[in-house]
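Please keep the sequence and the model in view while reading.

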Amino acid sequence: MELRTLGASGAVVSTYALGTMTFGNETDEAGAHAQLDRYVEAGGTFVDTADVYTGGVSEEIIGRWLAKSSADVVLATKGRFPTGDGPNDVGTSRRHLRRALEASLRRLGVDHVDLYQLHAWDPVTPLEETLSFLEDAVRSGKISYGGLSNFTGWQLQKACDLIEHRGWSRLVTLQPQYNLLVREIEWEIVPAAQENGLGLLPWSPLGGGWLTGKYSFDEEPSGATRLGENPDRGVESWYRRSRNQRVRDVVNAVREIAEARGVSMAQVALAWLVDRPAVTSVILGARTIEQLDDNLAAAHLHLTAEETAKLDEASDPGAADYPYGGPGVAQRGRPINGGRA
């Protein structure tokens, strides 16, 4: 497994992280522990969870694995979403995050986590209150670094500007949805992350399974898959994506490269993503050990410039006009020697 720094920090992590949203729900504890063991055996060093994954059960499963394992992993979790029914059981207020972090530490069986991420923007809580909590958590030794998840470009920039103004510890990562089917973050979010030294931790790198080629465009899915159990599931909805020509073009391009390389489609999609600008570590999420094994096989796969260009062209989200297309792109650079051309 290759290694990179965690954003602009000095911490080092593997280029593929193990996501654990399936733990305790789609994957039982024995299967989860088997995944963790296999991931570490493959050289993985970065485990990502959240307090709301299976209502905290994911963290508990990881905690029991940590108690019996000698593995030295970089551990990340998140807080923000509801952990109860009360008005203060949600959000990024100092009150909620303090309780959420303490509960996460208790479930994980540790006295600190390496990366604590705000799971999403909170329009109710003043941002200074939220970020001051992260600073206090760093100073108290309960977390090593703070990060963001699911923030837009302006939200990310506002947070980084406030931190710089106050002289607080810098954020190190942003965890966004990012894959060949979802590239719009390249318009504003990726440049903002690069400007502020945040490493990207993409979630849903396989587009909810679409980039593995397992879904037909002409037949509604069924059986023991996420869309088989719920074809209209969230952003992955079969009804929406199966009618989208761009999705077909991307899947076909991934399939052609995979067949030519003699690898799986999942490995091609992961290899494209891991080499995108600003990416620190791609979060793998698997139901089974077989799925994880296939994903881990991408660890040393890198695409050629021609293969990357083919996927870039097929997956281009097609900015309609200025400022993200055409002249807008051209204006983002200039020749250092000036001139009118």
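The model is predicted: local features need pLDDT of at least 70, side-chain atom pairs count only at pLDDT 80 or more, and totals for chains, interfaces and linings use all residues. Residues are numbered from 1 along each chain as its sequence is written, and side-chain values use heavy atoms, with hydrogens and water left out.

**The chain as a whole**

- The secondary structure consists of 13 helices and 10 strands; helices (H or I, at least four residues) and strands (E, at least two) are DSSP runs, numbered from the N terminus.
- The chain is as compact as a globular protein of its length, because its radius of gyration is 20 Å, close to the 20 Å that the globule rule gives for 341 residues. The radius is taken over C-alpha atoms, and the rule is 2.2 Å times the number of residues to the power 0.38.
- Along the principal axes, the C-alpha atoms fill a box of roughly 55 × 50 × 35 Å.
- Of the 341 residues, 52% count as buried. Buried means under 20% relative accessible area, exposed over 50%, and partly exposed in between (1.4 Å probe, protein chains only).
- Among contacts between residues at least 6 apart in sequence, 75% join residues at least 24 apart; a contact means heavy atoms within 4.5 Å.

**Surface and charge**

- The accessible surface comes to about 15,500 Å², and 49% of this surface belongs to carbon and sulfur atoms. Accessible areas come from the Shrake-Rupley method with a 1.4 Å probe; for residues, only the protein chains shown count as cover.
- There are 34 positive and 46 negative side chains, and the centres of the two sets lie 4 Å apart. Lys and Arg count as positive and Asp and Glu as negative, while His and the chain ends are not counted; the place of a charge is NZ of Lys, CZ of Arg, CG of Asp or CD of Glu.

**The sheet**

- An open sheet is formed by 8 strands in the order β9-β8-β7-β6-β5-β4-β3-β10, with parallel pairing. Two strands pair if DSSP finds at least two bridges between them.
- At the edges stand β9 (199–200) and β10 (282–284), each with a single partner strand, so one side of each is left without a neighbour in the sheet.
- Strand β3 (residues 16–19) runs parallel to β10 and is joined to it by 3 bridges; tyrosine 16 has valine 282 of β10 as its bridge partner.
- Another 2 bridges join β3 to β4, also in parallel. Leucine 18 stands opposite leucine 284 in β10 and opposite valine 47 in β4.
- Strand β4 (residues 46–48) pairs with β5 in the parallel sense over 3 bridges, and phenylalanine 46 has valine 74 of β5 as its bridge partner.
- Between β5 and β6 there are 4 bridges, again parallel, and alanine 76 has leucine 115 in β6 as its bridge partner.

**Covered strands**

- In a regular strand the side chains alternate between the two faces of the sheet.
- Strand β5 (residues 74–79) is largely enclosed by the rest of the structure, because 6 of its 6 residues are buried. Val74, Ala76 and Lys78 lie on one side, and Leu75, Thr77 and Gly79 on the other.
- Both faces of β3 are covered too, with Tyr16 and Leu18 buried on one side and Ala17 and Gly19 on the other.
- Strand β6 (residues 113–118) is mostly covered, with 6 of its 6 residues buried.

**An enclosed helix**

- In helix α10 (residues 265–274), 10 of the 10 residues are buried, so the helix is largely enclosed by the rest of the structure.
- The buried residues of α10 include Met265, Trp272 and Val274.
- Their cover includes β1 (3–5), β3, α9 (245–261), β10, α11 (289–296) and α12 (305–315).

- Threonine 173 lies in strand β8 (residues 173–175) and is buried, with a relative accessible area of 0%. Leaving aside neighbours within four places in sequence, its contacts include Leu6, Leu115 and Leu198.
- Threonine 20 lies in the loop between β3 and α1 (29–41) and is buried, with a relative accessible area of 0%.
- Leaving aside neighbours within four places in sequence, threonine 20 is in contact with residues including Val47, Asp48 and Tyr53.
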